[in-house]
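Let's take a friendly look at a helix pair and a strand with its partners. Please have the sequence and the model open as you read.

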Amino acid sequence: QVCSTSTPVTTVSQYACQRRTTTENHNKIFTDAFEVLAESYEFSEMEGPCLAFRRAASVLKSLPWAVRSLGATLDLPCLGEHTKAVMEEVLQCGRSFEVEKILSDERYRTLKLFTSVFGVGPKTAEKWYRRGLRSFTDILADRSIHLNQMQQTGFLHYGDITRAVSKAEARSLRNIIDEAVRAITPAAIVALTGGFRRGKEFGHDVDFIVTTPELGKEKILLPNIINGLKKQGILLFCDYQASTFDMAKLPSYRFEAMDHFAKCFLILRLEASQVEGGLHIAEGDSRGWRAVRVDLVSPPVDRYAFALLGWTGSRQFERDLRRFARVKQRMILDNHCLYDKTKKEFLAATTEKDIFAHLGLEYIEPWQRNA
Ligand code: CTP
Ligand code: MN
Ligand code: MN
Ligand code: MN
């Protein structure tokens, strides 16, 4: 530190899991710009720069103050030259020309549009772009394109699914899931996770963990919940993935984006009458219902704390938890377990606090994980 003033210098950690990040973002003008750049690099499969911009955005999100000059960022980690050049543009002109160029770029715009459809990832979007397709009309008119069931549903409910889910809607969905689960086994555990657990006002979906206190009994949960929702006539789409979880394969699963627990990606029909204050839908839309995305994951109860920590997010918080575990503690953390490579043993946990303690981290509350 080159600082010789008497004001205490609070150092900001390069790890999101050592920072407290609420939903209140004082640096949105910068982080919005970084997100566009990150996404653009993601579309070009340039992981390095993509991650660099996501890390920089995450650092700025954790600040309880707005950056008003580059001088104020001297002590901050994860801000490289490119990042600072973008910040300088934003500080001087209120916008970044590099970002504006991306936003008007045909490829970026098209990939952004296509990936906004449920079931369409960057690979498919790229394939369609290369075929010369530029709009939904182009896709739907192209008879050589086969849309899978997920994508068909994505187009069918496009307006609803791209519209944010409100807290009131999330509460109503919680009641629906609670009831469906209680009909199967009254002892079942239902926990809200994902962005709503972090205190977000809006989400792109609602995430729940469901399990049973009796180990092994969780296996009957998801198929039965799905059946119950079907019987109620509110199941619009269901992609169910059975468990491939095997304790014997831990901790050697190769790095994967997905965990191995049973899960389902759903689209449910939510009635206006069930939502306090009404649905979050377009003005002038007089339907009495909307479609909403719901994710359910069902780990065995002895894996509950790891699954809860892994599904609460944010994605950047999770990335840094794992990186911290690996780099600082020689441990492997994922949604299933925590493994100590030095001791060559699994570390048990029944709560998230146990996991933070094993990692030598101060506990960070869910609403402080909006990294
Ligand atoms: N997640 C995961 N495995 C998946 C899907 C999601 O571990 N197959 C984790 C993600 O890492 C994330 C959390 O579950 O931390 C929630 O994912 P998601 O619903 O996509 O994001 P949210 O943070 O809930 O944000 P949003 O409000 O947009 O839904
Ligand atoms: Mn504040
Ligand atoms: Mn979510
Ligand atoms: Mn989700």
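## How the helices are compared

Helix axes here are lines fitted to C-alpha atoms over the stretch in contact, and angles between N-to-C directions run from 0 to 180 degrees. Keep in mind that this is a predicted model.

## Helices α1 and α3

With that in hand, turn to helix α1 (residues 28-43) and helix α3 (residues 81-93), which pack at an angle of about 135° with their axes 10 Å apart. The angle is why α1 counts as oblique to α3. In passing α3, α1 makes a right-handed crossing.

Which residues make the contact? From α1 come Ile29, Phe30, Ala33, Phe34, Leu37 and Tyr41, while α3 supplies His82, Thr83, Val86, Met87, Val90 and Leu91. By type, the contact of α1 with α3 has 10 nonpolar residues, two polar and no charged.

## Strand β7 and its cover

Now for strand β7 (residues 289-298), which is mostly covered, with 10 of its 10 residues buried. Trp289, Ala291, Arg293, Asp295 and Val297 point one way from β7. Arg290, Val292, Val294, Leu296 and Ser298 point the other way, and all of these residues on both sides are buried.

## The partners of β7

Strand β4 (residues 206-211) runs parallel to β7, and four bridges join the two. In this pairing you can find Val206 opposite Val294 of β7.

Strand β6 (residues 262-271) pairs with β7 in the antiparallel sense, over 10 bridges. Here Lys263 stands opposite Val297 in β7, and Val297 is itself buried.

Definitions and conventions:
Residues numbered from 1 in each chain as written. Chains lettered and ligands numbered in written order. Predicted model: local features only at pLDDT ≥ 70, side-chain atom pairs only at ≥ 80, totals over all residues. Heavy atoms only, no water. Parallel < 35°, antiparallel > 145°, perpendicular 65-115°, else oblique. Left-handed = near helix turned anticlockwise from the far one by under 90°. Contact = heavy atoms within 4.5 Å. Nonpolar A, V, L, I, M, F, W, Y, C, P; charged D, E, K, R; others polar. Buried < 20%, exposed > 50% of the residue type's maximum accessible area, 1.4 Å probe, protein only. Pairing = 2+ DSSP bridges.
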